[in-house]
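Hi,

Here's the structure I promised to pass on. Have a look at it first, and then read on for what turned up.

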Amino acid sequence: MRLQNATSGQVLVNGKNIFAVKNRAEDLELRRKMQIIFQDPYSSLNPKKRVKDILAEAYKIHKTCTKEMLDGTIDALCDVTGIAKDMLMQYPHELDGGKRQVVGIARALSLNPDFIVCDEPVSALDVSVQAKIINLLMDLQKKMDLSFLFISHDLSVVKHISHRVAVMYLGKIVEIADKEELFADTRHPYSIALLSAIPKVDVNRKVRRIVLKGDVPSPIDPKPVCRFASRCWMSQPICFEKEPQLREIGPGHCVACHFADVSREKMLTADMVGFDQNE
Ligand code: SF4
């Protein structure tokens with residue numbers, strides 16, 4: 001989102017490196033197309049502004065709406081997102097977490113973007129309102145033809161909302177695939193451990209939870225080896241010598257592991273898997 005400058009690498013949006021954009025006009029154009037929904041609606045809305053002013057801000061900065069049209073445009077935004085009109089004159093502290101996050105979503109949608117980064121948008125909310133927000137996002141995505149980059153630690157939510165899933169460990173993508181493929185044929189040991197931690201609703205379904213042992217290496221200046229090696233039950237000497245590259249093991253399914261071709265069943269027969277002994 002270019003809220004921070006990058007120290008290295010590139011971030012490409014529609015093939016354009018956003019860190020190479022130098023002038024304000026180009027920067028504004030880019031920001032019209034990509035928006036963000038922040039994690040914590042308790043700190044991402046200006047406490048001194050009413051909801052109406054929060055929603056009007058983007059139109060004023062980007063000059064995409066005349067003064068005369070502003071009220072009507074905000075009303076239309078409220079209709080799309082389900083914001084009650086009487087909320088417009090309220091301040092953020094008068095709203096509960098779910099309503100605040102809907103304001104955050106409406107603000108992100110105000111410029112009609114193509115792409116929205118959803119940075120753990122439900123993790124700060126009560127479980128009772130999480131489903132409402134997720135369903136609203138899914139509905140808006142279909143209606144407005146949006147692309148989301150949905151960041152989450154909650155794999156049940158990821159499974160519900162995503163089309164394609166990338167699993168990251170210590171700042172690197174270790175596995176990426178379409179959702180169905182990733183959940184059915186998980187190949188990276190870290191992804192396998194992660195999926196085993198999803199709470200089960202069906203008590204008759206036996207999925208044993210893997211408890212990882214070992215220390216997480218420092219993310220500062222990591223060595224060019226497998227970053228997961230100190231915690232992986234499958235690790236071999238090569239894992240401590242050479243960094244595995246992300247490689248395609250099936251159509252659209254990429255894994256960064258020297259042993260990604262080993263089947264999931266075989267991986268789980270390794271004696272060193274640390275299953276939770278209480279299960
Ligand atoms: S490369 Fe080695 S240590 Fe890394 S995930 Fe694969 S098996 Fe485990």
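Which residues form one aromatic cluster? They are Y169, Y190 and F228. Before the details, please keep in mind that this is a predicted model.

The structure holds 3 aromatic pairs. In one of them, the ring centres of Y169 and F228 are 5.0 Å apart and the planes sit at 80°, so this pair is edge-to-face. Y169 belongs to strand β6 (residues 164–169), while F228 is in the loop between α8 (189–196) and β8 (247–250), so the contact ties together parts that are 59 residues apart in sequence. Y169 has a relative accessibility of 5% and counts as buried. F228 comes out at 2%, so it counts as buried too.

F228 also pairs with Y190, again edge-to-face, with 5.3 Å from centre to centre and 65° between the planes. Here Y190 comes from helix α8 and F228 from the loop between α8 and β8, so the pair links parts that are 38 residues apart in sequence. Is Y190 buried or exposed? Like F228, Y190 is buried.

Now for the ligand. You'll find it in the largest cavity, with 13 residues around it. The closest of these are C226, C232, C239, C257 and H258. Sorted by class, the shell around the ligand has 10 nonpolar and 3 polar residues, and no charged ones.

Cheers

Note on methods. Residues are numbered from 1 along each chain as its sequence is written. This is a predicted model: local features need pLDDT of at least 70, side-chain atom pairs count only at pLDDT 80 or more; totals for chains, interfaces and linings use all residues. Side-chain values use heavy atoms; hydrogens and water are left out. A residue is near a molecule or strand if one of its heavy atoms lies within 4 Å of it. On a 1 Å grid over the protein atoms alone, a cavity is a set of points where a 1.4 Å probe fits but cannot get out, and a pocket is an open set with protein on both sides within 12 Å along at least five of seven lines; lining residues have an atom within 4 Å of a point. A molecule sits in a cavity or pocket if more than half of its atoms lie within 2 Å of its grid points. Ala, Val, Leu, Ile, Met, Phe, Trp, Tyr, Cys and Pro count as nonpolar, Asp, Glu, Lys and Arg as charged, and the others, Gly among them, as polar. Rings of Phe, Tyr and Trp (its six-membered ring) pair if their centres lie within 6.5 Å; planes under 30 degrees apart count as stacked, over 60 as edge-to-face and the rest as tilted. Helices (H or I, at least four residues) and strands (E, at least two) are DSSP runs, numbered from the N terminus. Buried means under 20% relative accessible area, exposed over 50%, partly exposed in between (1.4 Å probe, protein chains only).
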